[in-house]
Every structure is written in C-alpha cells, then in structure tokens.
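Biologist: I am new to this structure. Please show it to me, and then I will ask about it.

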Amino acid sequence: MKSHSLALPWPWRDGLDHRVLAAVALVTVFALAALLERGVPRILLLAGGLAGVSALLVWTWRKPELALYVLVAYLPFTLELPGDFSTGWISLNLTNLLTGWALLTALAGRSRDPRSLLDITPLHAAIALFMLLALASLAWTGWTYGGWYLEANAARLKRFLMPMAFFFIAYAIAREERVIKTIAALIMITTAIIALMAVATYMT
C-alpha cells in the first residue's frame, strides 16, 4: 500500500506525512492563544477541549502518530497554556491527557503485532532503571520525612520523569521514517514560530 506523503521544497525534501500542515496549523493556534494577554475565555477553552478530545478519539485510535503530532505541537506551550480547563485539579491537564492517550494508542498499535512488544533495546532498560531509582528515592525520603515530603515533591518528580516517559511513547509510535521526518520538521517549525513570538513580545 502506497503511503501518503507531502512533497515540500528543500530542506525538507519529500517524505513528510501529508498531515504535517494540519499539525503546523495547530501549533499556530497554540501560539496565537499563548500571545493573548488576557488568556483564552473559559467557554472557548471548554469548547475547544471537547472538540479536540472528540477528534482525538475518532481519528487517532488506529493512527497513533496523530496523537504524537498533537503532543509535540502542544508541549512547547504548556506554561502559557496549562490546559487545566479551569477545574483547579492539578492532575487534570492537557499534558497528562495527551500523554496518556498517546501511550494508550501506542500500546494498542503494538498489541496488534505481538512481536513488537518484545522489541526492547538496552536504552529502554537504562532509562527504566533510572526512573525506578527516582521513584524509589522519593518513596524512601517520603517514608523518612513523612507524607508532607511526598506531597511537596510529587509534582517535581512528575516533571522530571515526563521527558523520559516521552522516549518510550515516541519509540513505540515513530517506527517509520516518514513519521520521524514529520516530527523533526514539526519541531523545527515550532521552534521558528516560538522565536517569532519572542520577537513580537520584545517589539511590543
């Protein structure tokens, strides 16, 4: 079956996922929302969240690379757009929802090919061991100093572990050269957009 790809001029050449333009449009929306001085109105945030969740459920279950594209597009804007839906719940935010959904789609995709579940590299073991050591360290110090220490540092540990967790998700999903190229191009374009945002903020 012939894969869909988008031919772009140098330096990206060809071989990108044709949906990269939709991902770039999503990055632009995030950037414009982050530039709003008064923030995004709650009604628009809820409407956009419901529409986004519906689209994710419909389109990404059998196409986990789409969930990864959305995650890559959103991560640079997590500080400006925390995506907590104004609920006050720290754990209920867009980063956690997108990460969890990307992980579920990755596991579902690999479960269709049982042999892929055994595709584990030494780097997987090293990162997993490092993450377990961090968890054990927090558990031990929490046991020593009390529950207040766990509550005070759980969020910090989560921020420390999330980038390492992204490795497992990306490795499970980005199995094709087309997907890897698309992610690389999306990261470069997002970096350029953030640079333009910085210039615009400085000029104003």
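Biologist: Which element of the chain has the highest mean pLDDT?

Modeller: This is a predicted model, and the chain averages a pLDDT of 77, with 75% of the residues at 70 or above. Among the elements, helix 2 (residues 42-59) has the lowest mean, 69. The highest mean, 89, belongs to helix 5.

Biologist: Are helix 1 and helix 7 roughly parallel or roughly antiparallel?

Modeller: Helix 1 (residues 20-35) and helix 7 (residues 177-203) have axes 10 Å apart and pack at an angle of about 25 degrees. Angles under 35 degrees count as roughly parallel. The two helices are therefore roughly parallel.

Biologist: How many nonpolar residues does the contact of helix 1 with helix 7 have?

Modeller: On the helix 1 side the residues include Val 20, Ala 23 and Leu 35, and on the helix 7 side they include Leu 186, Ile 189 and Met 197. By class, the contact has no charged residues and 4 polar ones. The number of nonpolar residues is 11.

Biologist: Is the pair of Phe 130 and Phe 160 stacked or tilted?

Modeller: The whole structure has 7 aromatic pairs. Phe 130 in helix 5 and Phe 160 in helix 6 are 30 residues apart, so this pair links distant parts of the chain. The ring centres lie 6.0 Å apart and the planes stand at 50 degrees, so the pair of Phe 130 and Phe 160 is tilted.

Definitions and conventions:
Residues numbered from 1 in each chain as written. Predicted model: local features only at pLDDT ≥ 70, side-chain atom pairs only at ≥ 80, totals over all residues. Heavy atoms only, no water. pLDDT = per-residue confidence, 0-100. Helix = DSSP H or I, 4+ residues; strand = E, 2+ residues; numbered from the N terminus. Axes fitted to C-alpha atoms, helices over the stretch in contact; angles between N-to-C directions. Parallel < 35°, antiparallel > 145°, perpendicular 65-115°, else oblique. Contact = heavy atoms within 4.5 Å. Nonpolar A, V, L, I, M, F, W, Y, C, P; charged D, E, K, R; others polar. Phe/Tyr/Trp six-rings, centres within 6.5 Å; stacked < 30°, edge-to-face > 60°.
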